Amino acid sequence: MKPLRQFTVRATLPDSLSALTTLANNLRWSWDTPTQRLFESMDPAAWASSGNDPIRMLGEISGSRLAELAADDNFRARLDACAADLDDYLSRDQWLQHEQAAGMPEIPGIAYFSMEFGISEVLPIYSGGLGILAGDHLKSASELGLPLVGVGLLYRNGYFHQSLNADGWQVERYPTADPQGLPLTQLTEPSGAPVTVTVSMPDHRTLRATVWIAQVGRIPLLLLDSNLPENDTELRTVTDRLYGGDQDHRIKQEILLGVGGVRAVRRFTALTGAAEPTVFHMNEGHGGFLGIERIRELVARPTNPLTFAEAVTAVRSGTVFTTHTPVPAGIDRFPDDLVRYYLGDDAGRSTLFPGLGVADVVDLGREQTPGVFNMAHLGLRLAQRSNGVSQLHGAVSREMFADLWPGFEPDEVPIGSVTNGVHGRTWISPAWREAAAAAGADVAPDSDSAQMLVSLKNVSDDHLWATRNMLRAELVSLVRDRVRRSGLERGFSEAELSWTEEVFDPDILTIGFARRAATYKRLTLMLRDPDRLKKLLLDPERPIQLVVAGKAHPADNGGKSLIQQMVRFADDPQLRTRMVFLPDYDISMARYLYHGCDVWLNNPLRPMEACGTSGMKSAINGGLNLSILDGWWDEMADGDDGWAIPTADGVADENRRDDLEAAALYRLLEESVVPGFYDRTAGDPPGRWMEMVRHTLSVLGPKILATRMVRDYTEAMYVPASQSYQTIRADDYAAARTLADYTGRVRRAWPSVRIAEVDSTGLPDVPVMSSKLTLTAHVRLGDLAPSDVRVQAVLGRVEDDTLSPVSTADMVALTDPGEADGAIEGETLFRAVIELPTAGRLGYTVRVLPHNDLLASDADLGLVRLPEGMQ
Ligand SMILES: *Cc1c(COP(=O)(O)O)cnc(C)c1O
């Protein structure tokens, strides 16, 4: 019989063990080894069968065992120590408090919005890289003491579990999450009733959602849940699954995340006394509607409401937008009509955002293609600060979004970069902490992961090698178990699967490749020359073994067929003990792969990988990266931390490019990777390999931690955004009104701003480097004052009649009538004396930019005026 509904009843714990509930309800246990060991010791079998899920385990553990533990002084002492450590962790000063004591400006609060969060396998509300990054962001924000609150959705059916059928075709199964069985508490009103946020929907309907809180160390994560009886069936299912529906489903999810999310934050701060966020961070464009909701709040203020333009100005100042994809198809784009439908239209006014004009809102998401509402463009327009997720991706994004800043050079487009990182305590095997301790390092449970990694430079080759061997052996056990289980699911009998006991060998060079089966990641590149790969796998002296994993999006048959090709190749009886495809790649499996693989392979089509983080997780466990120079690897590969696969960047024919890059990959494996790993004189660990492992752990490791990333965000984005917002908000948004007034004046005046003429004088007949050039520009400013603009001389090299700027110099307005002699009525003269910066063929031009101290940069408004005909 199938149950109609399921629910979870929590165990009642003896009073003396009640701290277990506190420990289980704060997800900090998921990266705190002592707490995990405490849970495991309660009942190792139940711990394993629960999938290392404390709440499930506490529900399944027998009453008699609980009584036994309650009477066990030793256990109670360990429990008390873990509970005291958690208390201390939640209250002591961290990095931010120390920085603030040393003069860093205060940040009252930060709200971080993401469509997915990958914190632990027990909370299945993530699909892959983006979510895990968001989870690592929260964990690191907790460790650094940031006043951050996360905002996301609680999916009833989390991301799917993947299995294979007999043909190797992906089959999806959706787990059902029951909030009672998850580490969540409900946000409640003082009356005890659950907080409900409402969002208006077309046709006078209302979408309601309750708010669950997952506690991630110090960081509360608010999760909206629309599965309520008060909602009609269609609205109940808004939060049914992640990335599961059509565009109509998706836009409702994004409206709930953005609009409902802001309302949940407001209720949360009001009820808990937490400070109102001064910074809102959109992790990818999915949360973009949060900006419009905040505009609505300001326009709808009962006293002294702001105009739309003033509200946009205010909201932008405190908003940060991070773009995560250089693949245009990866960006959410909705038809205008769909957006208009959800905005609701009452004589031109939105019913979803009362007080705002429909056309104004639609305009915030417009792109070049008419009729399309682009969530990334919305993010860029509503955030005064934005970034890509590696240096290369920052550069690619500046090109990709250059259309929003016409007239600017791509490298002037105000999109920066903050390179992603990964959370040390989540992803580094505890074995490395033990190795560091053995080498005399401070590895107290809360000591910094970066320091721990640095201290690994003192570990001997033998100890490094022994640790790597141990981690590889653990992976081999997992592989055998998973391959056998997958075989059973595919319909083979136990007897037919006896070979799985011989899958993999703990002493063979182990290469990992795990990622979503997105086309640009080229899952099957390694199969390009099957015979060459077979030779590597089956070499009698120096073989390799390959573990592959990854899910295809349920609607992506192309991706599924790549997986099938992989599975069929690995099904070959000759190869199946050396090459495996493990279904159901998720956090719990990933950990073993990162710990155990000697080499982490990544071969995306450059520059489509925005950052990539799996290689980082391998590296902080001593895995060496073998990767195309893309994403993070492009800036971090230094020759001692792995190998760069040469790219055939200029080759337009994709097939040929794949052939060339696959050949380069095989060659590296044959000539460098394999010989390096098997270079054992007299049974010693491979010397150069150990050097590379040590370098990877202790030099590369600290640079790719998420604590470094969150510190970068704090210094480069959060502090400046918070400062801008506080300035804008002061005196009842006086600066917002001033800046909006300025912006309006500039936009109106801009069509009549003109550079009428530029004179140059002063150059000798034969200019040499450092000769001085005097430029005078005659500028018509219309209604603007000289102080409203910056006039700049741009100098650069000239090739094929284009200027590659190498330097700029601000020009000074000549206001003294004597000096300004020669000016015509309506013109202002600007002058600069410039030293020639380099030799060679040089050129210059002059441009006018809006300038105001309240703008984040002179490119902020996307306005620039060049001499006639040069725009
Ligand atoms: C890290 C991670 C990812 C993302 O890896 P990429 O290198 O960015 O593709 C995806 N899934 C899981 C389970 C991960 O741990």
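Helix α18 itself spans residues 430-438, and its buried members are A431, W432, R433, A435 and A436. Buried here means under 20% relative accessible area, whereas exposed means over 50% and partly exposed lies in between, with a 1.4 Å probe and protein chains only. An α-helix has 3.6 residues a turn, so residues three or four places apart point the same way. After α18 comes G440, with a positive phi near 90 degrees. Helices (H or I, at least four residues) and strands (E, at least two) are DSSP runs, numbered from the N terminus.

The model is predicted: local features need pLDDT of at least 70, side-chain atom pairs count only at pLDDT 80 or more, and totals for chains, interfaces and linings use all residues. Residues are numbered from 1 along each chain as its sequence is written, and side-chain values use heavy atoms, with hydrogens and water left out.

## The ligand and K617

The ligand is surrounded by 15 residues, of which the closest are K521, Y594, T613, S614 and K617; a residue counts as near a molecule or strand if one of its heavy atoms lies within 4 Å of it. The side chain of K521 places an N or O atom 2.8 Å from an oxygen atom of the ligand. For Y594, a polar side-chain atom is 3.0 Å from a ligand oxygen atom.

An unreviewed UniProt entry annotates K617 as "modified residue: N6-(pyridoxal phosphate)lysine". UniProt positions are given in the numbering used here, feature names are shortened, and annotations may be inferred rather than shown by experiment. K617 belongs to helix α24 (residues 614-619) and counts as buried because its relative accessibility is 3%. Leaving aside neighbours within four places in sequence, K617 is in contact (heavy atoms within 4.5 Å) with I132, V422, W427 and Y594.

## The parallel sheet

Six strands form an open sheet with parallel pairing, in the order β17-β16-β15-β18-β19-β20. Two strands pair if DSSP finds at least two bridges between them. At the edges stand β17 (579-582) and β20 (642-645); each has a single partner strand, so one side of each is left without a neighbour in the sheet. On average, neighbouring strands of this sheet are turned by 20 degrees against each other, direction ignored.

Strand β19 (residues 624-628) runs parallel to β20 and is joined to it by four bridges. Opposite L626 stands W643 in β20. Helix α22 (residues 557-571) lies across β16 (544-549) and β17, at about 140 degrees to β17. Helix α26 (residues 654-677) lies across β15 (509-514), β16, β18 (599-602), β19 and β20, at about 165 degrees to β20. Axes are lines fitted to C-alpha atoms, for helices over the stretch in contact, and angles run from 0 to 180 degrees between N-to-C directions.

## The antiparallel sheet

Another open sheet of six strands has antiparallel pairing and the order β21-β22-β25-β24-β23-β26. Its edge strands are β21 (754-761) and β26 (842-850), each with a single partner strand, so one side of each is left without a neighbour in the sheet. Three bridges pair β24 (residues 802-814) with β25 (residues 827-835) in the antiparallel sense. L814 has L829 in β25 as its bridge partner.

## Loop residues

L123 is placed in the loop between β1 (110-113) and α8 (129-144) and is buried, with a relative accessible area of 0%. Residues up to four places away in sequence aside, L123 touches L27, F117, L182, L184, A214 and L223.

The peptide bond from R606 to P607 is cis, with omega near 0 degrees, and P607 lies in the loop between β18 and α24. F504, in the loop between α20 and β15, has a positive phi near 65 degrees although it is not glycine.

Technical notes: A polar contact is a pair of N or O atoms within 3.5 Å; within protein, one must be able to donate a hydrogen and the other to accept it, and residues adjacent in sequence count only if both atoms are side-chain atoms.
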